[in-house]
Structures are given as C-alpha cells and as structure tokens.
Amino acid sequence: MSTDVNVKMDAIPGLDPNAMPLQVKDLHVEFRTRNGIAHAVNGVSFDLQPGETRAILGESGCGKSVTAQAIMGILDTPPGFVTGGEILYRGVDLLKLPEAQRRKVRANKIAMIFQDALSALNPVFTVGFQLGELFRKHRGMSRKDAKARSIELLDLVKIPAARQRVNEYPHQFSGGMRQRVMIAMALALDPEVLIADEPTTALDVTVQAQIMALLAELQRERNMSLVLITHDMGVVADVADRISVMYAGRVIEEAPVNDIYASPAHPYTKGLLESIPRLDLKGQELSAIKGLPPVLTNIPRGCAFNPRCRYAQDVCRHDPPVPLYQVSSARTAACHFWKEVKGDE
Amino acid sequence: MGRYVIRRLLQFIPTVLGTMFLLHYITSLAIQFSGNPVRAIFGDRTPPPALLAAVTERLGYGDPCLDQKGNPCFGLFLDRMQKIFSLNPDFGVNLRLRPVTELVSDALPYTLKLLVIAILFQSIVGIAAGVWAGLRSGSFADNLVKISTVFLISVPIFVLGLVVREFVGVKFGNVLRGQEWIPEVISRGVFSPGFKPDYPLASLIIPGMVLGAVSLATTARLTRTSIMENLRADYVRTARAKGLANKRVIGVHTLRNSLIPVITFIGVDIGSSMAGAVVTETIFNVPGIGRLVTLAARTGESSVVIGVVTMLVLVVLIANLLVDILYAVLDPRIRYE
C-alpha cells in the first residue's frame, strides 16, 4: 500500500520524525477586500503533541476557521493571504514548500473535517467516488480496490449497510451519516493530524454526542492529533486536552482544559464561561458579554477586547498590544490584569 | 424514469394538436383576409372563374368557410387531421402539387445540419470561453469575454448575418478565391456568401456559426458565472483539502456542477435557435425548413406552414425531453417519478 507517494513524502528535506506533528508560530493572515484589509489572524501560535487534542475556541469571525484553512493551505487567495509566521509539520515549514509537495501533505498527513457536510460533499458524485478518489489519486489504486477500501472506511465510521450506501449520493444520507462520511474521508489516508472545523455544529445534540464519541475513539486507536475548532464550551470540556481561546485573530488565553474551567485568566474566557446556561442558577438572568466582536478591518488598539471588558484601564486602550503573560508553567493569558481576573473568581 | 418518459411523450399529444389548430386558424384567417392564395399561380393574368374554382378545389382551398372572416373552419381542421392521422399520413400539397412530406424531408436535413453546427459551436466555444473567463475573474481574459459577449448579445441575428455574409463571405471570400493554393472547399465552400449545393456541409459552417453566435454569448456568460460561483463552493474547498491536483479540482469537482445550468439553457435555447434558423437560412439562402416556411407563409400555403411548423414543434419537444433526461444524469438530486 505504501507507494511512491509516501517515498516522496519522506523525501521532504528537513523532515524530523521526532518533531511535533504540528506547530503554528506567529501566523498572520489578512483578507484584502474592497473595504480595506481585514486582519483575520494576527499572530496565532500553538503546538500539538502526538495524540493530543487541542481545542481552538472562539466566536464566529475570530479567525479560527481561517487558521485551519491556512494550515491546510486552502485559503481563497485572493482575497486571503498568509502574511507571516510558520506552520511546521514535523519541523518542516509548510508555507515554504512548493505547491506540489504541499498538496501531498494534505489528506496524507494533515486532513480536515468541515462544518456542514451537506455542502462540503460534492452533490453530483457518489460517496464511494468521493472516498475512492483519495485512494486512486494518492495511492494509485484501481477503481475496484478503491471501492473496497471505501466500503471498509464506511464500516469503520459505523455506517450501516456500507456495501449499498457506498453507491449513494450525499443527499441520500442523514445529517449525522453525512458527517460520518466526512470523517471517513478525512481518515482515509491515515493522517497524523486531523483538523475538525466545528464538526458537530450542524447536527442535533444526540447526534453531536455520537459523532464526538466516534472521533475520540478513532483518535485514540490511531494516536492521531486533533485540532478541534468550536464555539461550544460543552464539547471542549469533554474531549480537549488543551484549549486556545481566540479573540479578533489572537490567542488570548492558552491552558490545559481543567485549569481554564476552574479559573479563567482572561476576562473574555470568563465571560464565555459565565454565558453557559447552568441548572443550579435557574431563574437568574443569563449573563452575556456586552457589545459585539470588533470589525476585522478596524481592530481596537491595545487589547482588542477592551471596549467590552469590565476590567479595562487606560493601559488596555493603547498600543502596544497586550503581551502574553505566563500565568503558570503550562498556561498563558493576554491580559494585564490576569491576576485580578483569576483571583476574582 | 421510464414512466416519466412515457408521460412526457403523452404530453406531446395535446401540445402538437394545439399547435396545429393554432396554425390552422392563423393561416385560415390570413386567407380569409387577404384572399385566395391560388390566384398567385396565375400571376398577372385573370383566370376564368371556372378554372380558378377547379384549381382551388384541387389544392384544398375550396372550403366556403375560407370566405367568412373570423370563421375558425373547424370542419376543414377535422378534415386535415383525418388525413394527417390516417394510416397513410397526408399533409397535403403545395401550390405546385408537391406533397408537404416530400418538401419537409428534402429541407429538414439542411436545417438539422445547421442546428448541429450551431449547437456544437455554441457549446464548445461558449463553454471554453466561459471556463477561461470564470477561472480568472477580473483578468484580461475575463474582461475580453465579458465585453465581446455583450457585443454579440446586443447585435440582432439578421444584422450579424448580413454583416458576416458581406465581409466574410463576399469580401474575405473574394480574397481567398484569388489565391490559387487555397483548396476550393475553403475558398468556395466555407467562405461562400451563401449555401452552395456543391459543398453542402462546408458552406453551412459559417451560417451555423452565425446562428449559434448569440446563444454562444449567453452560454459563455452563464458558464462564467456558474464557474465563479462553484469555485467558492464548500465542496470545491473539500476537494482541495483532499490534496487533489488543481486540474482535477476544476475539471471534475467544479465543472460538472457548473455545467448543470448551462445544459439547461442550451436545451431550452434549441427552440429559439429554430426561430433563428428561419432568419439565417433566408440570409444565406439555405434550402432548409426555415426558408421553406418563410416562402410558404408569404404565398399563404397553409398546408405547408402547418406541416413544417408541426415538424419544428416536434423537434423542439424531443430536444427538450432529451435535455431533461440529460439533466437527471448530470444532477443525481433530480429524480423523475
């Protein structure tokens, strides 16, 4: 099964099998639009150990999906441009690889699951075709072998009657089954890193749980690293090891999952946690973060969160931007007043 | 699918009968208001009334209802239908006593060839130009296609036809015809000012291109927007994320979806191409259905008009049915019950 594609892969100069499967350093992405430059990602950094689950949490428009697309190299260019930083796969900067080699990293080493499986699957080809083409194009398999492998994959993601369903079209599947097909597609070539961009957002709650359980199981079996992009704090708590909270294109807090739930060190994270409905506080008004996220063409100076922040002082409203403070050995927060925020709890 | 096709074929019956009655009524009105078409045979001479009456009767214009303005002539219509839908279909004759079926079978091949050339030209060049422009939105290629298609769409087909005949067929053709080394099939066939019986296919190429030109522009624009729209689709992003080569992302995942509206347009457009064929055939002197019906309408030969137009209606209906079937093949979400 390992054909020349893999041989070429290993031939990427500088590839270090002991390096981390994914490391993002100071990534900058901007969108050049008619209304000005939208700074979607402004210096995002995080890393990923083998088998680790990293959650990237944030509201819509905070740059989390753009980060994922930049890692995959599937940004719409133009208008989107990666303007700085590094994306390292096992020590190799993907941004410096020629497109032909970068293409081989996609799906083979780093794969992605998209949010809305109905629109992310091509409506005019059968599920079997869309799965099988990975084996045919990347592994040089025949149509027949590719189809057999597709059926195995559908079995793997627990789609009943895989042998029949492989010949059906995406619109003939239910929402949960479609997301399973997406997962099968992402896992087809045994990637080391899986990026799941809001994998359960379009699904109802019971199906969400099934899909997350399936993802966790498959991840464990394969010792795969997972980047889970979501705005759902509930999903994060169950599966993530570490969390990066993003706001206006920056990681504003980074911590192991339990620490962040116990004592958030950034007012935004704190606001997010307080806005989760809780049964023990029934009858009280649900607290929400005041105001709206900033327009990306015009991000506030200093701390981007300052107009909505109850801790904000003058120092937050002026450049330079807030540095990352080391809260403890394993966590950082971009807030001048992290001690107050944390102690306030 | 089989049931769907049968149902569609059954729907042909009322459509065709309705068209035939409408044609019958219009041609009858024309005779009622402008007089007996048979007189045209005699030119300037005034025929003896007995002779005129005999010839009129023989050619099928003897029914007294044709003298009463506004009379829909149901009796005459039923007579016609009876003759047409008999074991031995008889569509009547023209003023020179040639059976309409024979006229149609002589003329139809030319029109079909013309249409095939037009549709091929329109699909191949139109889709290619549309894809070219759509993939490079905002570039020189895109603007070139946008501007040239606006130009094509705004020029009426008879103007385009006359201009092409004058400049390509006559002027440019004359230059070519002066060159010894150019094969005659090019200089006298392709670049002739009109249809040449010696080069029955070559001399249809330019008329076919004129006929396809306007639809080509629409096809190109439709393909362009469709490609641009689909390039932003989520499933195209998925295809890229799967590490597929750009050629495959465009050629397989984008193109098939983009062509669905284009195919629909080309199918519907076959009907208006038929109308365009009437103009093009007249300009380029092609002995096809279009010219036949133009001449017949001018002389008031109602049997010819009814026979020919019914034929055209059938061609359009069948083409539309084929397109609907093709549509279901292209887009699996469409299922006909």
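Two strands count as paired if DSSP finds at least two bridges between them. Strands (E, at least two residues) and helices (H or I, at least four) are DSSP runs, numbered from the N terminus.

This is a predicted model, where local features need pLDDT of at least 70, side-chain atom pairs count only at pLDDT 80 or more, and totals for chains, interfaces and linings use all residues. Residues are numbered from 1 along each chain as its sequence is written, and chains are lettered from A in the order in which they are written.

Q: What makes β9(A) and β10(A) a pair?
A: They share six bridges in the antiparallel sense, and pairing asks for at least two. One bridge joins Ile243(A) to Ala255(A) in β10(A). The hairpin has two residues between the strands, and Ala248(A) takes a positive phi near 50 degrees there.

Q: How do you know that β3 of chain A pairs with β9(A), and in which sense?
A: Four bridges join β3 (residues 53-57) to β9(A), and the two run parallel. Again, at least two are needed, so they pair. Leu57(A), for one, has Val245(A) as its bridge partner in β9(A).

Q: Why is β9(A) called mostly covered?
A: Six of its six residues are buried, meaning 20 or more other C-beta atoms (placed from the backbone) lie within 10 Å of a residue's own. Arg242(A), Ser244(A) and Met246(A) point one way, while Ile243(A), Val245(A) and Tyr247(A) point the other way.

Q: What do the buried residues of α12(A) pack against?
A: Their partners include α10 (233-239), β9 (242-247) and β10 (250-256) of chain A. Among those buried residues of α12 (residues 267-274) are Tyr268(A) and Leu272(A).

Notes:
Buried ≥ 20, exposed ≤ 12 C-beta atoms within 10 Å, placed from the backbone. Contact = placed C-beta atoms within 7 Å.
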